[in-house]
Amino acid sequence: MHILITGGCGFVGVNLIKKLNKKFKIVVIDNESLGKISNLEGQNVKFYKIDICDHKSVEKVFLNHKIDYVIHLAAHTRVLESIKDPVKTFNNNVVGTFNLLSISSKFKVKKFINASTGGAIMGEKKPPISEKMHPSPLSIYGGSKFASEMFCEIFFRSYDMKFINLRFSNLYGPNSFHKDSVVSLFIKQILKEKKIIVYGNGKQCRDFLFIEYLVKFFEKCIFSNITGTYQLGSGKPTSLNNLIKILKKVFVKKKNKKYGDFKVVYKAFRSGEIVKTWCNIEKAKKDLDFNPSTNLETGVSKTVNYFLKK
């Protein structure tokens, strides 16, 4: 069977392809705006350097391959940039997703798995956030991902195309070199011997999910009959201050004292960012046995090992 993965050269895509390559024929679409084809070195994939907003070029890929499943990872994901440049975010996340859905429906794709987000869609809701809560996005990014979810549901109702929206929290782990999410960003700043900058008092909370568990859940989604929306995370809140303590501990354990002595600078909160968010993952546990058991220190240690080798 053929799986089309959009944004396959990115952090999630690279880890996912390593997992699925032995079971499926993988077709990758990526415009290489962030991830590069070199990230897939050694993987047996058919690669197309295409922007998902280019309807005709994307359709040609479907004509060239009998696509059974679509895993849609490609997106513009930066919250603050989405506020500065809303058109770019809208085109990538809404127009691009709609293109893929319409083409997937035309070619009778079995299932469309859409990568979404939790905190940015929900806004400042009292955590833990769940699929039952009504979304209230604070940013253009959050609004665009909510719109993409709605189009997935509409295509299901109108054309009976099965879909799954995966709202995952802050991801971290190996192969995140080009990521600017908080764990990889902090590690890169530490290795460059720069100060870590925290916008706020550091008490803001996030839900950190190790990439291994997201990849396993994607695989389960392919082989299951479920459809709908799932919230994925560790199910636990972690403050940025606690994350910083863990990073210090990990670097000291690895006997990298000069990195473990990094400095932290606190600056004013930035608009559009959520203060506290973490997930209720009971639905994913019940339906597909989702069980993210790696603790944060272990996961961070594995991520630091990757960066040190890199």
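This is a predicted model: local features need pLDDT of at least 70, side-chain atom pairs count only at pLDDT 80 or more; totals for chains, interfaces and linings use all residues.
Me: Why is Cys 205 called buried?

Reply: Buried means under 20% relative accessible area. Cys 205 has 11% relative accessibility, so it counts as buried.

Me: And what makes Cys 53 partly exposed?

Reply: The partly exposed label covers what lies between the under 20% of buried and the over 50% of exposed. Cys 53 has a relative accessible area of 28%, so it falls in that middle class.

Me: How do you know how many disulfides there are?

Reply: A search of the whole structure finds zero. Take Cys 53: the nearest cysteine sulfur belongs to Cys 152 and is 15 Å away. For Cys 205, the nearest one is that of Cys 279, at 12 Å.

Me: Let's move to helix H4. How do you know what its length should be, and what does the model give?

Reply: Helix H4 runs over residues 86–106, which is 21 residues. The expected span is 1.5 Å times one less than the number of residues, so H4 should span 30 Å. Its end C-alpha atoms are 29 Å apart, which agrees.

Me: Which residues of H4 are buried, and what covers them?

Reply: Among the buried ones are Thr 89, Asn 92, Val 94, Leu 100 and Ile 103. The cover includes strands E1, E4 and E5, and helices H2, H3 and H6 also take part.

Me: What makes strand E11 "mostly covered"?

Reply: Five of the five residues in E11 (residues 228–232) are buried. Each of those five therefore has under 20% relative accessible area.

Me: How do you know that E6 and E11 pair?

Reply: Pairing takes at least two bridges between the strands. E6 (residues 162–168) and E11 share five bridges in the parallel sense, so they pair. Among the bridge partners are Ile 164 with Gly 228, and Phe 168 with Leu 232.

Me: Why is E11 called an edge strand?

Reply: The open sheet has seven strands in the order E3-E2-E1-E4-E5-E6-E11, with parallel pairing. E3 and E11 each pair on one side only, and these are the edge strands. On average, neighbouring strands of this sheet are turned by 20 degrees against each other, direction ignored.

Me: Which strands does helix H6 lie across?

Reply: H6 lies across E5, E6 and E11, and runs at about 160 degrees to E5.

Definitions and conventions. Residues are numbered from 1 along each chain as its sequence is written. Side-chain values use heavy atoms; hydrogens and water are left out. Helices (H or I, at least four residues) and strands (E, at least two) are DSSP runs, numbered from the N terminus. Buried means under 20% relative accessible area, exposed over 50%, partly exposed in between (1.4 Å probe, protein chains only). Contact means heavy atoms within 4.5 Å. Axes are lines fitted to C-alpha atoms, for helices over the stretch in contact, and angles run from 0 to 180 degrees between N-to-C directions. A disulfide is a pair of cysteine sulfur atoms within 2.5 Å.
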